[in-house]
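Work through the exercises below with the sequence and the model open. Try each task before reading its solution.

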Amino acid sequence: MSKPVVLIAEELSPATVDALGPDFEIRHCDGANRGELLSAITDVDAILVRSATKVDAEAIAAAGRLKVVARAGVGLDNVDVPAATKAGVMVVNAPTSNIVTAAELACGLIISVARNIPQASAALKNGEWKRSKYTGVELSEKTLGVVGLGRIGVLVAQRMSAFGMNIVAYDPYVQPARAAQMGVRLLTLDEVLEQSDFITVHLPKTPETLGLIGDEALRKVKPTLRIVNAARGGIVDEIALAAALKEGRVAGAGLDVFSKEPCTDSPLFEFDAVVATPHLGASTDEAQEKAGVAVAKSVRLALAGELVPDAVNVQGGVIAEDVRPGLPLAEKLGRIFTALAGGIAVRLDVEVRGEITQHDVKVLELAALKGAFADVVEDSVSYVNAPLLAQERGVEIRLTTSSESPDHRNVVTVRGTLADGGEISVSGTLAGPKNIEKVVEVDGFDMDLVLTSHMVFLRYEDKPGVVGVIGRHLGEAGVNIAGMQVCRAAKGGQALVALTVDTTVNPQILTEIATEIGAEFVRSVNLD
C-alpha cells in the first residue's frame with residue numbers, strides 16, 4: 001500500500017520530519033506561491049504550514065484527499081477553519097510551542113522601550129555617544145497593565161513582577177480569585193488604561209479586539225505610558241498610536257506585530273521612541289522545533305484516525321488514557337444504531353456509565369455521532385464534521401453520565417428517538433485486560449456477544465423452531481455463524497436473535513428468513 005502523503009509547504013525545523021518518521025511520503029512546495037500550492041495539494045493527506053501559506057476554501061476544495069491541516073505555530077489567520085470543518089478536514093496547531101518565546105520577547109520590548117536600548121545601540125554604532133538623549137525610566141515600582149491574562153500574559157506578569165513592577169490586568173474571562181493567586185489585580189479596561197505606566201497586549205485577534213486600543217482608549221492614558229504589542233497586529237490601532245505619540249499623549253511603544261505584514265513602511269517608524277521588530281514572537285530555534293515536533297505528532301495521530309488534543313475544530317479536548325480504548329467501541333455502536341434504526345434519529349442520546357465517568361467522556365459522544373453518520377451520508381464523516389452533519393440535519397445530541405453501572409465496569413449506550421416516535425438502543429462494553437468489544441444490550445434485550453464485522457439482528461414473537469430456520473437458510477447460503485444468542489423478555493413474548501457471522505449476508509436470504517419466522521424486524525450490520 002502507498003504511504004500517506006504529507007506536504008510541507010514552508011521551511012520547518014528538521015526535527016519535524018524526524019518526528020513524522022518513515023511512515024509517510026514527504027513532499028515539499030513553496031506554499032506562498034499560489035499556483036505551486038494548488039498544484040501540489042491535490043493528492044496529499046496532510047499539509048504542514050507556518051504563516052505564509054493560505055489554506056483557504058479554494059485550497060481545501062482542490063485537496064480531494066486532505067485530512068489534516070497542521071499550522072506549526074499558534075495563530076490560524078491563514079487557515080479557513082470553517083471551510084476545513086465543513087470538508088471534514090482536521091485543523092491542528094501548536095498552541096503551547098511559542099508561549100515562552102513570545103512572553104520573553106514582550107518582556108524584552110518592555111525593557112527596551114523603558115531604557116531605549118535599540119536606539120542607543122544604533123546611535124553608538126553610528127559613532128554617536130548620546131548618554132543624555134537616551135535616559136530611560138526604571139521598571140521597579142511602576143504599574144504594568146496586562147491586557148489579556150492568558151498563558152502568555154501570565155508568563156509576562158510573572159517575569160515582570162520579578163523587576164518589582166505592580167501588575168494589574170484586564171481579562172473578563174478570568175476570575176478575580178485566580179488572578180489574586182498570581183499576585184495580579186483585575187481591573188476594568190478603562191482602569192488599566194488610566195493607572196498603567198506600561199501596557200502589554202496579549203489578546204487573540206477577533207472582531208471584538210480589533211482596534212481595542214484605539215484613539216478613545218489612548219486619550220485615557222498617562223502621557224508617560226509606554227505600550228507593547230507582541231500579540232496580533234490591529235489590536236492596537238497604529239494610526240491612533242502614531243497620533244498619540246506625535247501629540248505627546250504616549251511616551252513610547254514596542255511593536256512586534258502590525259495590521260498588515262510584512263510591514264516595512266509605517267508612520268510609527270518615524271518616532272525614535274518606538275522599538276519595532278518584524279514579528280519575531282515565535283522566532284527562536286527552540287520554539288520552531290517545539291512547533292514542528294508538536295504538529296508532526298498531531299499529523300501522525302490524525303492520519304491514524306485518532307483524535308488529536310490540539311485539534312482546533314474537534315470537540316472533546318484532551319483524551320484520558322482510560323477513555324481512549326472506548327472510542328472505537330462508541331463509533332461502532334453508533335454504526336450499529338443507525339443500521340438498526342434504518343436511518344437518522346431526530347435525537348441521539350449517548351449514555352456513559354461506570355468508573356470511566358471520572359474523566360471527561362465528551363469525546364465518546366463525538367465518536368458515537370461519527371459512527372451514526374458513517375453509513376448514511378455521501379460525504380466522508382470525521383470527528384471534525386460529524387457535529388456539523390448533525391446540526392444540518394436537525395439531530396439533537398445529548399450526553400449523560402453516571403458513575404453507577406451495576407452490571408459492567410463501564411458501559412456505553414447509544415439511544416435514539418426516531419421520526420415516528422419509536423426508540424432504539426444499543427449498548428456495549430470493553431471486557432477483560434484485552435478490552436474485548438462486546439454488545440451487551442439491544443432494545444432492552446440483555447446479551448453478551450463479542451462484536452464482529454458482520455452481525456444480524458432479528459426480532460419476532462417467541463416460538464419453537466426459529467433457530468433451526470435461521471441455521472438452515474444461512475447454511476444453504478454458505479454463511480458461517482460465529483456466535484448466536486437468543487434473548488427474550490418472557491416466554492411467548494418478544495424475542496431477539498443476535499448473530500455474528502463470518503461474511504456479509506445477502507439481503508434476499510434475510511428476507512426469506514424474516515418471512516418464514518414472521519420477524520417484525522431484521523437488520524444486517526457490516527462494520528468493515
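**Exercise 1: a helix pair**

α16 passes α17 in a right-handed crossing (left-handed if the near helix is turned anticlockwise from the far one by less than a right angle, right-handed if clockwise). This is a predicted model, in which local features need pLDDT of at least 70, side-chain atom pairs count only at pLDDT 80 or more, and totals for chains, interfaces and linings use all residues. Residues are numbered from 1 along each chain as its sequence is written, and side-chain values use heavy atoms, with hydrogens and water left out.

Task: work out how α16 and α17 are oriented to each other, and which residues make the contact.

Solution.
- Step 1. Locate the helices: α16 covers residues 466-476 and α17 covers residues 507-517. Helices (H or I, at least four residues) and strands (E, at least two) are DSSP runs, numbered from the N terminus.
- Step 2. Take the axes, which come within 10 Å and cross at roughly 155°. Axes are lines fitted to C-alpha atoms, for helices over the stretch in contact, and angles run from 0 to 180 degrees between N-to-C directions.
- Step 3. Classify: α16 and α17 are therefore roughly antiparallel. Angles under 35 degrees count as roughly parallel, over 145 as roughly antiparallel, 65 to 115 as roughly perpendicular and the rest as oblique.
- Step 4. List the contact (heavy atoms within 4.5 Å): α16 gives V466, V469, I470, R472, H473 and L474, and α17 gives I509, E512, I513, E516 and I517.
- Step 5. Sort by class: seven nonpolar, one polar and three charged residues. Ala, Val, Leu, Ile, Met, Phe, Trp, Tyr, Cys and Pro count as nonpolar, Asp, Glu, Lys and Arg as charged, and the others, Gly among them, as polar.

**Exercise 2: another pair**

Task: describe the packing of α13 on α14.

Solution.
- Step 1. α13 spans residues 326-341 and α14 spans residues 362-374. Their axes lie 6 Å apart at an angle of about 40°.
- Step 2. The two helices are therefore oblique to each other. The crossing of α13 past α14 is right-handed.
- Step 3. From α13, the contact includes G326, L327 and A330. From α14, it includes V363, L364 and A367.
- Step 4. The contact residues divide into eight nonpolar, four polar and three charged.

**Exercise 3: the core**

Task: which residues of the largest nonpolar core touch the most other members?

Solution.
- Step 1. A nonpolar core is a set of buried Ala, Val, Leu, Ile, Met, Phe, Trp, Tyr and Cys residues joined through side-chain atoms within 4.5 Å. Buried means under 20% relative accessible area, exposed over 50%, partly exposed in between (1.4 Å probe, protein chains only).
- Step 2. The largest core has 73 residues. M90, I336, F337, L364, V426 and F457 touch the most other members.
- Step 3. Take F337: its contacts include A345, L348, V414 and R415, not counting residues up to four places away in sequence.
- Step 4. A second, separate core has 29 residues, among them L218, V221, L245 and A253.

**Exercise 4: backbone exceptions**

Task: where are H279, D443 and P262 found?

Solution.
- Step 1. Most residues other than glycine have a negative phi, and most peptide bonds are trans.
- Step 2. H279 has a positive phi of about 55°. H279 sits in the loop between β12 and α12, partly exposed at 33% relative accessible area.
- Step 3. D443 has a phi near 50°. Its loop runs between β17 and β18, and D443 is partly exposed at 22%.
- Step 4. E261 and P262 are joined by a cis peptide bond, with omega about 0°. P262 lies in the loop between β11 and β12.
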